[in-house]
Amino acid sequence: MSFRRLLRRWQGALLSIVGIVATVWLGASGQLGLYIHPRYFVFTVVMAVFAAALVVAAFALVPATEDAHELLDDDGGRWAWLWSAGSILIIGSAIVALLVLPPATLTTATVAKRDLNGSTSDLTQSEASSLVGGDYSTFTVRDWSSLLRQGAGEDFFADKTATVIGFVTPDTSDPENVFFVARFVVSCCAVDAQPVGIPVYYPGWQDEYPTDSWVAIESGFDTNPSISSEEAIVLVPGEITPTDQPAQPYVY
Amino acid sequence: MPQDMQMSQNAAARPFTARRRPGRGLIVGLVIIGLVILLRAFAPETPAGTLTDTARDFVTLSISVVIESLPFVFLGILLSIVVQTWLPEGFLLRRLPKNPAARRVVLSLLGMLLPVCECGNVPLARGLIAKGLTVGESMTFLFAAPILNPVTIITTQQAFGWDSGILVWRIAGGFLIANLIGYIYSRHPKPEALLTPRFQDACALGDRHDAADGKIKRSADLFTKETSAMLPALFIGAGLAGLIQTAVSREVLVTLGSNPVWSVLALMALAFVVSICSNVDAFFILSFGATFMPGAIVAFLVFGPMIDIKMLALLRTTFTAKTLVQLTLIVALCSAVLGLAINYVV
């Protein structure tokens, strides 16, 4: 039983185990939300359990190596070892990514790639109009950024207080004085995450709150004192509290 | 010598004669699973801090594609196993009409009964080919089912409603392109040449399955074969999708949004890159929203489920590279024509 045949036969089962263990562990530790929308949690875990049953059945029932017929294109060939090397590379990468590295949220690097507050879709606009008159104390970063994007005027924001949690990401037009308290909006999985955020005027914020750290802010809105920033209305907090990353880092 | 030959023929006709002590494989399997669980449990809890933000996001995005697609791939493999081992011989194929065009039309509606998104359709289509579906017919099923399925239709309707026409164009476009491709490849003189040699062998072997093997054992055997074919492709596709997303800025694509020609091409490029499942892509493109013209959104919603990075990696398990290049070109051209027609005419 050559190693190459063994690998070819069982690479799928090995990758399945890696995927299943990672999925179930993420589900059990409440971290599936880092990668997919909560509406898929049950489906994902149930399919992982089904697949686990099949993997165990495969190990119990299936012979260790394939018969010769399935290897017609495999035997001989000077470069056949490349296939094995590729398989080992894929399995190794999967183990490192899914099992060794700690689960993580997306960072500011992705904010920069994805145009913060760039989307002005029908959905967020209709939501914004239904937001007006709601319970402002429960508003998330997403709700406030919808209102800001919709262009509600200074009068509207004058007497409002935002109580929000988000991560710190710099304002590209005035990174010295303004940062965004931001969240990712996820509609399916982290792949489609869209960053939204509320601008915060706080000169010298870098010294106290590193980029990508999580903060809680309770503050009123005001006209942006920054000259170079493109944001018209900002939060001007007296105090910013560093906080832990919430269990659900994305908003939906 | 003749006796030897006869023995080896017997062995060939009965692929699973290589028995071993029962229970040993089970123990090996459980040990491997146990080791993997231990590795996950004792992996360092805090971020190592050695990765840059970009590298971390590449890993996060790739994992996200894997975690999101894996259950659909498992579901597709399960359905494929059901079709190949548990349904009576010819249960699905016998009920199809005899007329080739009518067969393709019925096949393109099969997704209504088997609501799997595109990554699950690949193993299912492989199962159907092994059961006697022609290559052209399998393509019609592959390309129509992700769009013409209840989950996709409901999510698209939730995202865009009936009035905008996007849902109707999506369904019509998916149906027409899938049937066109089925028709084109039904004219191919040697359809088996479109398949990879390895998959041809697997199909040929499928006919010789030993009736003495129990259904559970055959199911387990199919599971190891299908996962060994599909999962490496899925992981490669996820890695590529993650890599391109961290390397290419989306702003470039979005700024092209209001031009009737460029918006179509930009959104098709976006669909190719993000490799998102057809069940949810409507919500995704809605978040880009009003900046894009309707023709571009339809092109995204028609092209994306049929062809993207992850899908090409999965399809490569079954079709030759040349076939995939042709398919990509045909689907891209048709989607672009559809999108441009909607932008200019409707």
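Two strands count as paired if DSSP finds at least two bridges between them, and with that in mind, A:Ala216 has A:Thr241 as its bridge partner in β6(A). The structure described here is a predicted model, with a chain A that holds 8 helices and 6 strands and a chain B whose secondary structure comes to 16 helices and 0 strands.

- Along its sequence, chain A follows the pattern α-α-α-α-α-α-α-β-β-β-α-β-β-β, and buried residues make up 43% of its 252 residues.
- When contacts in chain A between residues at least 6 apart in sequence are considered, 71% of them join residues at least 24 apart.
- Chain B has 346 residues, of which 49% count as buried, and among its contacts with a separation of 6 or more, residues 24 or more positions apart account for 86%.

**Where the chains touch**

- In the model, 71 residues of chain A are in contact with 72 residues of chain B.
- On the side of chain A that touches chain B, the elements giving two or more residues are α1 (3–28), α2 (41–61), α3 (80–100), α4 (108–113) and α5 (122–131) of chain A, and the largest share, 15 residues, comes from α1(A).
- Sorted by class, that side of chain A has 43 nonpolar, 18 polar and 10 charged residues.

**The largest nonpolar core**

- The largest nonpolar core has 171 residues, and those that touch the most other members are A:Val18, A:Val200, B:Leu267 and B:Phe300.
- Helix α3 (residues 53–86) of chain B gives the largest share of this core, with 15 residues.
- Leaving aside residues up to four places away in sequence, B:Leu267 touches B:Phe292, B:Ala296, B:Ile297, B:Ala299 and B:Phe300.

**Strand pairing around β4 of chain A**

- Strand β4 (residues 214–223) of chain A runs antiparallel to strand β1 (residues 161–170) of chain A, and 7 bridges join the two; within this pairing, A:Ile165 has A:Ala216 as its bridge partner in β4(A).

**A helix of chain A and a loop residue**

- Helix α6 (residues 141–150) of chain A is largely enclosed by the rest of the structure, because 8 of its 10 residues are buried.
- The buried residues of α6(A) are A:Val141, A:Arg142, A:Asp143, A:Trp144, A:Ser145, A:Ser146, A:Leu147 and A:Leu148, and the helix is followed by A:Gly151, whose phi is positive, near 90°.
- A:Asp212 is placed in the loop between α8 (205–208) and β4 of chain A, and it has a positive phi of about 75° although it is not a glycine.
- Most residues other than glycine have a negative phi.
- With 18 other C-beta atoms within 10 Å, A:Asp212 is partly exposed, because a residue counts as buried only if 20 or more such atoms lie within that distance and as exposed if there are 12 or fewer.

**A buried methionine in chain B**

- B:Met311 lies in helix α15 (residues 309–315) of chain B and is buried, because 26 other C-beta atoms are within 10 Å.
- Not counting residues up to four places away in sequence, B:Met311 touches B:Glu118 and B:Ser275.
- Between B:Met311 and B:Ala247 there are 64 residues of separation in sequence and 20 Å in space, C-alpha to C-alpha.

- The mean pLDDT of chain A is 83, and 89% of its residues reach 70 or more.
- Confidence in chain A is highest in α2(A), at a mean of 92, and lowest in α5(A), at 56.
- Over residues 68–75 of chain A, pLDDT stays under 50, and for this stretch the model has 13 contacts beyond four places in sequence.
- Where pLDDT is low, the predicted coordinates should not be read in detail.

How values were computed: Residues numbered from 1 in each chain as written. Chains lettered and ligands numbered in written order. Predicted model: local features only at pLDDT ≥ 70, side-chain atom pairs only at ≥ 80, totals over all residues. Core = buried A, V, L, I, M, F, W, Y, C linked by C-beta atoms within 7 Å. Helix = DSSP H or I, 4+ residues; strand = E, 2+ residues; numbered from the N terminus. Contact = placed C-beta atoms within 7 Å. Nonpolar A, V, L, I, M, F, W, Y, C, P; charged D, E, K, R; others polar. pLDDT = per-residue confidence, 0-100.
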